[in-house]
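Please look over the sequence and the model shown here before reading the briefing.

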Amino acid sequence: HGADIICSSLTKWVGGHGTGLGGIIVDKGGFAWGAGKHPLYDTPDKSYGGEAGLRWGHDLPEALAPLAFKLRALTVPLRNLGGCISPDNSWIIIQGIETLSLRMEKHCDNAMKVAEHLSKHPSVEWVRYPGLPGDAQNAKAQKYLKGKGGSMVIFGIKAPDGKKAGQMFIDSLDLISHVANVGDARTLAIHPSTTTHSQMNPEAQLACGVKPEMVRLSVGLETVEDVIADLEQALAKAMAAEIEAPAANPPGFDTLCLHGAYKPDTSVTYGLGQGAPRGVPLHRTTPYQFVNTQHAADLFSLAKLGNIYSRLMNPTTHVLESRYAQLEGGHPLSGLAVASGTNAIFYAIINVAQAGDNIVSSRALYGGTYTQFNDILPQFGITVKFVDAETPQNFADAADDKTRAFFCESCSNPALEICDLEEISTLAHGLGLPLIVDSTFSTPYLCKPFEHGADIICSSLTKWVGGHGTGLGGIIVDKGGFAWGAGKHPLYDTPDKSYGGEAGLRWGHDLPEALAPLAFKLRALTVPLRNLGGCISPDNSWIIIQGIETLSLRMEKHCDNAMKVAEHLSKHPSVEWVRYPGLPGDAQNAKAQKYLKGKGGSMVIFGIKAPDGKKAGQMFIDSLDLISHVANVGDARTLAIHPSTTTHSQMNPEAQLACGVKPEMVRLSVGLETVEDVIADLEQALAKAMAAEIEAPAANPPGFDTLCLHGAYKPDTSVTYGLGQGAPRGVPLHRTTPYQFVNTQHAADLFSLAKLGNIYSRLMNPTTHVLESRYAQLEGGHPLSGLAVASGTNAIFYAIINVAQAGDNIVSSRALYGGTYTQFNDILPQFGITVKFVDAETPQNFADAADDKTRAFFCESCSNPALEICDLEEISTLAHGLGLPLIVDSTFSTPYLCKPFEHGADIIC
């Protein structure tokens, strides 16, 4: 649309979870900086380039000339003023980018519903949302925002004192968070005239589009009915000028994903004072300070619940446990997070069985579970009887008086057999036994085993629940209704001397009434977890919580993409067979209708049609390019493996076939990429597998979703990591300040820009490089044209001082975020740089205000909070006619809705 420079706050929708702080500047790379309009690029810069100085618009090598703006911003303002982004924030924001398109679609859908509701509300005076057909900005939304309206809604309350009513409304909200941010996965609200724009006088506020009665909403990803219900009750209280406790309504699934088990406590002092963290805090602590000796004794005796030691409990982990338990439909305190999914299964089994006991299990299992059951548990005297779960009666037939539980996977790995949970649980309960279900492959979004009779759920949180392949953990959830003291489980009937003093504690009989439903969880906490120590780290808990926030969005896309992949493979001449429960003709489809919401999940398995299927399967895997060859499933990226030679290689051929693993089988975990890119990679790998040769795959421009997941990072399997080869699939977090030079010549080359490389993390960092390059490519810029900095405000500051110096001016739209207005109106003049504010609704105003000291035009793609959409093509045409760049803050649109470079922008912040 003509922009030359784009600035964006990565803190908002790009990061998306309100947990990472950062900003970015992206240069389109085509502006003529040495054309005589910018002294900073025409005159020698003595701060770089030695005694003679470097003319940034003239003296760079030809290959680096398109990066003049970025390289100057890197080596002058960033190097010398130091507003760098931390590698941790870069890493966090990269995780957010992976779901950018999914979140933006849901944000826009929810915001439209909220805007439509408010526009019909009798207590609302006016509503502004660019997506509404009658909105003044709708025509430009069609052109610049893909016809959508974004996430922001502003409105005014109909009241004699609109300002007071707006404040009363904000103070009456319950679900919606009152914070000074936008673009969070949660819905946020604020009263701009008394907060974000309070530094302006009333006339300046109105010029920016801020009215006294205005309420600004950043609509999140919750179940939209929950958001509307909170708006309703707050509006009622604002109009009545009184505050009562809001009515309690059961939250929807998406709302639980975002709010479950955590509500900021604004009564507590944090740092300077009150103001509670909106995101779940990461508590990196081992011990906890007791109130007094009585409190400590009460915790150890289970007279009270509380924090003792992080091997047992941690406030961050508690949010994960409780949120997940509620998603499964369990008691809020019934979840127990542990180190991994394998660990969760082990603890669940030894929490019901001891030496001499047995478990009856489906034989269709993940290879690691099979090994645990077949080889490890017998070392402890616990045997497992394997049965074909396709005939549920087999479970009951195999049981005896030493059987303590039935076990199955909701959808098996990798055979994709869906267990008939209702039948199996009915048989288990008829024998007084619990049903333990590993629900990793289904997640609570597709299947809630408790609703079908299960008693205990185990899940690997590493997979779809965490969703990005960056955090490791498992969880056990107890439904809370099983009669553990009914005589079928000695571990619950006989005194446990490891807990409860000399007399011992009978877990199925002696707990206080309020804790009795938590008998299984409390025993698992205080016996296996306390004494065997397989605890989850708080860091992993925090990472997995971020993944849960987009669980439903990801699962929908996983299922949609997997169906398209399965349909494609089922018609492929080189494929012998395909198994996907979502396919109408699949043997498991009827059970998928009942247990998986009629969907098929993310997993597809297939066999290659070849004389030597095993060899062809391996050749196929080795020929993949986009798809990752890793021992994992449930990542945001598409993953593949050859099970018979890897995950199930510990089994003999007969055991493999009993588990549904054929020699030719390939297992796909279908990710969130642009599905055409996934299918193209499958196509070229199948062609090579059949030809028994490997060639470089054809290069195709990746789709937007594929760039979000793979841009600027490809694992390097030639490098040794730790014990040997095997490259990290997720982007590594490089927490380092300096970098080791190859030699003195290499160091000199880096400082003179003869070569590009790493010097110091204030300037560059491998993790931050992935963020910069990935985002630049999403905007349509040069892969090396992005520069990440400490915040969005910092990005704008560096973009401006990278083109202007004392005596120069910038022409800017007056419809701005309050912080940007203050920077332009009050701070930049301290440096001799003036800003001329104009009404951007008439683009000619920019050209009329310009003079021979003007160095750039500036605007927001969609203004904060007035939601005015700038006509980038008109403004950029006027800028270029004067030899000036257009700098655009694209925070409110993100590259998913608008790519300013396509409309003439030169720099994006």
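Predicted model: local features only at pLDDT ≥ 70, side-chain atom pairs only at ≥ 80, totals over all residues.

A compact globule of 909 residues would have a radius of gyration near 29 Å, and because the protein chain has 30 Å, the two values agree.

**Overall form**
- Along its principal axes, the C-alpha trace of the protein chain spans about 95 × 75 × 55 Å.
- Among contacts with a separation of 6 or more, 73% are made by residues 24 or more positions apart.

**Charges**
- The protein chain carries 70 positive and 93 negative side chains, and the centres of these two sets lie 2 Å apart.

**Salt bridges**
- A search of the whole structure finds 26 salt bridges, and one of them joins Glu105 and Lys148, whose closest N and O atoms are 3.4 Å apart.
- Glu105 belongs to helix α4 and Lys148 to the loop between α5 and β4, so this pair ties together parts that are 43 residues apart in sequence.
- Lys594 forms a salt bridge with Glu422, with 3.1 Å between the closest N and O atoms.
- Because Lys594 lies in helix α21 and Glu422 in helix α15, the pair ties together parts that are 172 residues apart in sequence.
- Asp510 and Arg506 also meet through their side chains in a salt bridge, at 3.0 Å from N to O.

Technical notes:
Residues numbered from 1 in each chain as written. Heavy atoms only, no water. Rg over C-alpha atoms; globule rule 2.2 N^0.38 Å. Contact = heavy atoms within 4.5 Å. Lys, Arg positive; Asp, Glu negative; His and termini not counted. Charge placed at Lys NZ, Arg CZ, Asp CG, Glu CD. Salt bridge = Lys/Arg side-chain N within 4 Å of Asp/Glu carboxyl O. Helix = DSSP H or I, 4+ residues; strand = E, 2+ residues; numbered from the N terminus.
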